[in-house]
Amino acid sequence: MTSLNNVSLAQNIWQQLLWKCRTFSSTFTTVLIVQIIFSVLSSGSGSSGGSYGSLLYNESIYSLDLLFIISIFSAIMLGWLLATQSIRNDNYSVVTTNFTETVSTLLFLVVLSIFTVFSALSSLYITVFTRLLFFDQVMVIKSALFEISTLFIFLIFVLIAGSASYFAKTLFDISKITFLLLTIVIIYSMQTGGISESTFFEFFLVQSMGEMLGKVLLVLTIFWGLTIAIRQRREVIRR
Amino acid sequence: MNVLIAFLPILLIIVFLLGIIKLASRIRIWTPKRTSWVILIYFMLGVISLIGILIMQDKTTKTLSKQQLKVALEEEQKIDELYGADKFDQIPADYFVFTNSYEGTAEDIEITLGGNVYNTRVAVTWNDSESNHIIATYYETPIIFKRMDISKDIQPPTIEFKNNHFYITEEEMQFDFTSIQVNLEMLKPIDYDQMSYSLDHFIGNRILHLNVPKHFNIIDNSGWVD
């Protein structure tokens with residue numbers, strides 16, 4: 001580390017995190033604008049209808065589902081973008097090593113995920129409230145208006161999506177063949193093994209909170225550890 | 001010339017957009033400081049909206065709790081048992097809605113249920129009376145649909161008696177509502193178990209009981225009369 005001052009590792013990472021929050025502040029607005037657009041354009045998350053004998057019903061649902069899907073996609077996109085070479089070159093404009101650069105970017109992903117969750121929640125509240133104000137229709141509240149567990153699940157999936165995509169881009173940069181093979185294996189197992197997105201969700205959504213937390217931490221550790229390891233290796237083989 | 005005039009507005013819009021883009025690239029709108037302000041204001045709006053939703057109680061209703069639903073389901077099963085055992089006199093008086101008397105003139109009495117009669121069940125019991133009066137009694141327990149009590153909106157079935165023929169129909173009801181779910185419905189495992197299915201769908205009994213003197217003959221056209 002070439003620095004005139006003696007800076008500890010934690011301090012360095014913290015400083016870089018703050019720097020990234022400022023420099024990449026456009027990622028926050030991107031997430032926000034996408035969420036606002038989808039909240040405004042869609043009238044709720046969906047609707048279901050049907051009949052029960054002479055009873056016909058039509059239900060419009062305002063839920064976090066749509067915002068969740070959008071957040072996952074934006075996390076995947078931003079995770080990929082954060083690992084691109086141009087942004088990584090930007091990251092070297094502050095005093096850094098490959099290790100602190102990667103760690104602080106991953107921490108920035110955490111900040112971004114937390115922001116995504118709360119902005120999704122705000123978007124839902126604002127949409128529902130404006131609807132209540134301007135439409136004269138009684139709305140049925142079908143769940144608690146604020147649930148920590150929901151937010152937590154939201155957060156971990158957004159975070160995993162972001163980390164996975166960051167890792168994927170890192171892998172893509174170092175070895176396109178490996179990336180291609182991995183993609184083929186995943187697609188092949190999804191086609192033949194009956195593995196789908198729901199299998200992925202079911203893997204994490206287990207009854208016991210401890211088990212779920214363990215699985216999440218395990219997966220995040222694998223992604224983060226591999227990402228950091230690959231980045232370290234790149235430092236050595238620079239030509 | 002006309003073509004040029006027609007394209008003029010489009011050209012103007014393009015020029016206007018180009019101008020905006022040019023201007024926007026010169027001025028940096030989303031500075032970090034402004035971004036943090038926007039985020040802060042957005043979160044504040046979210047909190048205000050949450051408080052607003054909580055305050056506007058006249059425009060929101062809550063669904064019944066699982067406990068209330070279970071009580072209703074138990075009650076439904078209890079009435080079901082009474083229905084199965086033809087013990088109509090034991091159905092609590094709270095559920096009694098109306099009773100009508102019809103006079104039969106022929107030996108054969110036909111019953112036709114409308115195609116949409118799905119919730120109302122019709123049962124026939126016999127009595128030894130010599131009179132020609134058929135007594136129709138309608139019972140209804142609180143109707144819960146999709147975890148909401150909709151008893152007030154539900155209309156009792158219409159019974160028409162013409163030429164010794166009963167026509168029983170239910171009035172069609174359109175039920176539109178908007179719901180808020182601050183959770184991830186898509187991640188919830190679909191519960192195929194009977195209990196939660198009943199909790200989420202229709203709870204309640206609608207029973208039409210016809211007490212018929214023995215000397216009549218009942219012809220059931222629909223095959224649904226118990």
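Strand β3 (residues 139-141) of chain A pairs with β10(B) in the parallel sense, over three bridges. Keep in mind that this is a predicted model.

**Exercise 1.** Find the residue of β10(B) that is the bridge partner of A:V140.

*Solution.* Start with the parallel pairing of β3 of chain A and β10(B). Then look across from A:V140: its partner in β10(B) is B:S179.

**Exercise 2.** Describe the contact between chain B and chain A by its residues and its buried area.

*Solution.* Begin with the residues: chain B brings 48 and chain A brings 55. Next comes the area, about 5,300 Å² buried between the two chains, with 69% given by carbon and sulfur atoms. In chain B, the residues losing the most area to chain A are B:Y42, B:T178 and B:V182, together 15% of what that side buries. Finally, count the interactions: there are zero salt bridges between the chains, but 19 residue pairs are in polar contact.

**Exercise 3.** Work out which element gives the largest share of the side of chain B that touches chain A.

*Solution.* Elements supplying at least two residues each include α2 (32-55), β1 (60-62) and β10 (173-181) of chain B. The largest share, 13 residues, comes from α2(B). By type, this side of chain B divides into 25 nonpolar, 14 polar and nine charged residues.

Notes
Residues numbered from 1 in each chain as written. Chains lettered and ligands numbered in written order. Predicted model: local features only at pLDDT ≥ 70, side-chain atom pairs only at ≥ 80, totals over all residues. Heavy atoms only, no water. Contact = heavy atoms within 4.5 Å. Buried area = accessible area lost by both parts, 1.4 Å probe. Salt bridge = Lys/Arg side-chain N within 4 Å of Asp/Glu carboxyl O. Polar contact = N/O pair within 3.5 Å; in protein donor to acceptor, adjacent residues only side chain to side chain. Helix = DSSP H or I, 4+ residues; strand = E, 2+ residues; numbered from the N terminus. Nonpolar A, V, L, I, M, F, W, Y, C, P; charged D, E, K, R; others polar. Pairing = 2+ DSSP bridges.
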